[in-house]
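Good morning, and thank you for coming.

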Amino acid sequence: MSLPVGRRGFLAGIGALFVSGCSKMAETDTAQSLFSAAQGWHQKVHRSLADRKALAREYPRSAISPFFRGNGSRTVDTDAYRASLASGFADWRLEVRGLVDTPLSLSLDNLRALPQRTQITRHDCVEGWSAIGEWTGPQLSTLLDAAGVQDSAKFVVFRCADTYVGRKYYESVDMVDAFHPQTIIAHSLNGEPLPERNGAPLRMRIERQLGYKHAKYLTAIEVVDTLDDIGGGKGGYWEDRLGYQWYAGI
Ligand SMILES: Nc1nc2c(c(=O)[nH]1)N[C@H]1C(S)=C(S)[C@@H](COP(=O)(O)O)O[C@H]1N2
Ligand SMILES: [Mo]
């Protein structure tokens, strides 16, 4: 189901990232030097606990739920979002920033030009429902490797466009889940662009964790060394509001 992100794919991806990304910065760094810088973090993560690296179960096409409900925010209630939706998200940008050597600003076309992973997984919401869907998008590790994660990095924060009951939605994971092969930035559900209710145009899939970790309406990926000064300091919207577990492993 997945395309390997081999060295060749990675380097091709780097080229794609810079087509309309941060071309100024790209010119000063060769793909080769970015590749070497990326290896440090990847290796550290690969030495961590085997259990955290295990794959979530993947299902056959026949198991896909006929309808994948929307939960929490089902849209982003701003004029900017409505305009972007109407234009097919031509102006949407995903930023990669924080403790990285080369910040990125990526269009949907940039993301679709990278090596893609497709996975059919079950989404489990703490409210007591599940649904199986087929998600497609680049692995988060590809973007982190391209940006060059610095040694001091400890967490990756997902910034969202929506406000839910008066507060900005956000989430975060540690570097093990950030580099997990099934952690992808999904632009498609069941072979179609993400529906509005499911987080169009981009949402995270963090397959080893519960539904509230899977940030929808994704605008930025921020690499940080502490979660203390973000939101309420507990690492996510529901963690801040209701004390949900930050690590919601399943
Ligand atoms: N930006 C954002 N992401 C979010 C939410 C939200 O309200 N806003 N809800 C979360 C919860 S609790 C769940 S179960 C899933 C729901 O995803 P779905 O709408 O595709 O079913 O998104 C998660 N990600
Ligand atoms: Mo949920």
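First, some conventions. This is a predicted model, in which local features need pLDDT of at least 70 and side-chain atom pairs count only at pLDDT 80 or more, while totals for chains, interfaces and linings use all residues. Residues are numbered from 1 along each chain as its sequence is written, chains are lettered from A and ligands numbered from 1 in the order in which they are written, and side-chain values use heavy atoms, with hydrogens and water left out.

Let us begin with strand β11. Helices (H or I, at least four residues) and strands (E, at least two) are DSSP runs, numbered from the N terminus. The word buried means under 20% relative accessible area, exposed means over 50%, and partly exposed lies in between, with a 1.4 Å probe and protein chains only.

Which strands pair with β11? Two strands pair if DSSP finds at least two bridges between them. Strand β1, residues 94–98, pairs with β11 in the parallel sense over 4 bridges. Within this pairing, E95 faces A220 of β11, and R97 stands opposite E222. Strand β5, residues 155–164, pairs with β11 in the antiparallel sense over 6 bridges. Here F155 has V224 as its bridge partner.

Strand β2, residues 104–106, runs antiparallel to β1, and 3 bridges join them. L94 stands opposite L106 in β2. Together β1 and β2 form a hairpin, with 5 residues between them.

Please turn now to another sheet. It is an open sheet of 4 strands, in the order β3-β4-β8-β9, with antiparallel pairing. Its edge strands are β3 (117–125) and β9 (192–193), each of which pairs on one side only. Strand β8, residues 188–189, is joined to β9 by 2 bridges, and L189 has E192 as its bridge partner.

Next comes helix α7, residues 140–147. Is this helix enclosed or open to the outside? Here 8 of the 8 residues are buried, so α7 is largely enclosed by the rest of the structure. Among them are L140, D145 and A147. After α7 comes G148, whose phi is positive, near 80°.

I now come to the aromatic rings. A pair of aromatic rings is described by the distance of the centres and the angle of the planes. Rings of Phe, Tyr and Trp (its six-membered ring) pair if their centres lie within 6.5 Å; planes under 30 degrees apart count as stacked, over 60 as edge-to-face and the rest as tilted. By this rule there are 13 aromatic pairs. One of them joins Y81 and W92 edge-to-face, at 6.0 Å centre to centre and 85° between the planes. Y81 lies in helix α5 (residues 79–86) and W92 in the loop between α5 and β1, so the pair ties together parts that are 11 residues apart in sequence. Both Y81 and W92 are buried.

A further edge-to-face pair is F155 with W246, at 5.6 Å centre to centre and 85° between the planes. This pair links distant parts of the chain, with F155 in strand β5 and W246 in the segment after α9 (237–242), 91 residues apart. F155 is buried, at a relative accessible area of 18%, whereas W246 is partly exposed, at 23%.

Finally, the ligand. An oxygen atom of ligand 1 lies 2.6 Å from a backbone N or O atom of R69. For N71, a polar backbone atom is 2.8 Å from an oxygen atom of ligand 1, and for S73 the corresponding distance is 2.9 Å.

Thank you for your attention.

Note on methods. A polar contact is a pair of N or O atoms within 3.5 Å; within protein, one must be able to donate a hydrogen and the other to accept it, and residues adjacent in sequence count only if both atoms are side-chain atoms.
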